[in-house]
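Please open the structure in your viewer and follow the stops below in order. Each stop names what to select and then describes what is found there.

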Amino acid sequence: MDQNSRFMLKAFRRYYKNNAPVMPERFGRREFGFMFFDRDFVQRHLSFTRTDDIRKFLIGQVPSHCYYSTAYYREPAAPTMEEKKWLGADLIFDLDADHLAGAEKMSYSEMLEQIKKEMMNLVDSFICGDLGFDEKEVSIVFSGGRGYHAHVSSPKVLTLGSPERREIVDYVTSKGLDADWAFPEKVTVTSVANVGGKKHANTVTDRLIPGADSGGWRRRMRNGLSSVTDDIVTMNVKELKKKYPSISKTLDKTLINVQNDVTSSKNSLFQRNTMAVLTKKSQEILLRIMTDDVVPLMAGEVDEPVTADVKRLIRLPGSVHGKSGLRVTPLSREALTGFDPLRDAVPKEYSSDPVKITMRRDSEITILGERLRLKGETEVPEYAAVFLVGRKMADIGHGPQANDL
């Protein structure tokens, strides 16, 4: 075991001597799995019936990563999935910052701030919003790494299979959402003419708008359209093209005509729930904006394989993450809003005593309110050293050669 691993193991053991994990509901029916600093395999197919037993395991074995199954089993310690006898599983939503557009250009803090906003939207708009789960049925957890988990333990979801869980993902992420479904066409007969002894109907086709009492994605599309029309009324052409890339190649004159059209008809749009008061060109541009620009922003972020998997292992709350040293932290929805991992998930067991490290690259972090600019060989508080070594940003001692000690 190299010096970096020995340093991390020592800090983790101190933490586990003072802290018990936050055990999930019915943990006696769950499978547990672990990874270690001094072993290159995953130890799984374990079960615990008492919190004291897993605490003794953590202190004695000092794992680098701790997991438990989202599924419940009749025999959780059985060596094969078939022998375990699946009973059901929580519904899990996983958001990780590596899925964010432009994540490679963000700092750790910036990534976590953005993914936190995504989780708040997921919980508020979809899990407790459209899907209707009570906040008491939803557990939010900071993963200790780069994201958050939301666990739904309602009896309504326990026996859902993978296909049904994928449908939930599709709903949240707007996969397959059709503008024709949200804004259906209505054909109106404007006149009837007699041509060659046969009646010929002249018609116009316009788009309907979901009513104010609509739910789910229809309500979301109505509100989204209202925001778009507000922007069209108040923004200039240059601002509109920047905010809504789908119309960037549209002629300025055309957009000015759309602005005039929407400005004179906005109230009627949502009073009558129809776009019939707009020209065909205005209707086409509104639908393009909604489909290409607005829907992707209104959709929720979800890691589909995690949600669809009915036998997943997920991080154990109250454990510490081997690649950051941060606590896997359970949170209420209220606490999530102001949560800062580099302030609130740093275990108090890590001291402020100075530790010699060698940076692998120049970096700047703010941890426990202290801003650190780091380069080369330096000293940092132990709590910062754990984070930097765990993230492979630094080595203990005088650089990589220390790993051979």
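Of the 405 residues in the protein chain, 49% are buried. Please bear in mind that this is a predicted model.

**The whole chain**

Along the principal axes, the C-alpha trace spans about 95 × 50 × 35 Å. Among contacts with a separation of 6 or more, 66% are between residues 24 or more positions apart.

**Arg30**

Next, select Arg30, which lies in the loop between helix H1 (3-18) and strand S1 (32-36). Is Arg30 buried or exposed? Its relative accessibility is 2%, and because buried means under 20%, Arg30 counts as buried. Show the side chain of Arg30: it reaches the backbone oxygen of Glu25 at 3.1 Å. Then display the residues in contact with Arg30 beyond its neighbours within four places in sequence, including Pro24, Leu46, Tyr68, Tyr72 and Asp90.

**Helices H9 and H10**

Finally, select helix H9 (residues 252-272) and helix H10 (residues 280-298), whose axes come within 9 Å. How are the two helices H9 and H10 oriented to each other? Their axes cross at roughly 100 degrees, and H9 and H10 are therefore roughly perpendicular to each other. To view the contact, show Thr254, Leu255, Val258 and Asp261 of H9 together with Lys281, Ser282 and Ile285 of H10. By class, this contact of H9 with H10 has 3 nonpolar, 2 polar and 2 charged residues.

Technical notes
Residues are numbered from 1 along each chain as its sequence is written. This is a predicted model: local features need pLDDT of at least 70, side-chain atom pairs count only at pLDDT 80 or more; totals for chains, interfaces and linings use all residues. Side-chain values use heavy atoms; hydrogens and water are left out. Helices (H or I, at least four residues) and strands (E, at least two) are DSSP runs, numbered from the N terminus. Buried means under 20% relative accessible area, exposed over 50%, partly exposed in between (1.4 Å probe, protein chains only). A polar contact is a pair of N or O atoms within 3.5 Å; within protein, one must be able to donate a hydrogen and the other to accept it, and residues adjacent in sequence count only if both atoms are side-chain atoms. Contact means heavy atoms within 4.5 Å. Axes are lines fitted to C-alpha atoms, for helices over the stretch in contact, and angles run from 0 to 180 degrees between N-to-C directions. Angles under 35 degrees count as roughly parallel, over 145 as roughly antiparallel, 65 to 115 as roughly perpendicular and the rest as oblique. Ala, Val, Leu, Ile, Met, Phe, Trp, Tyr, Cys and Pro count as nonpolar, Asp, Glu, Lys and Arg as charged, and the others, Gly among them, as polar.
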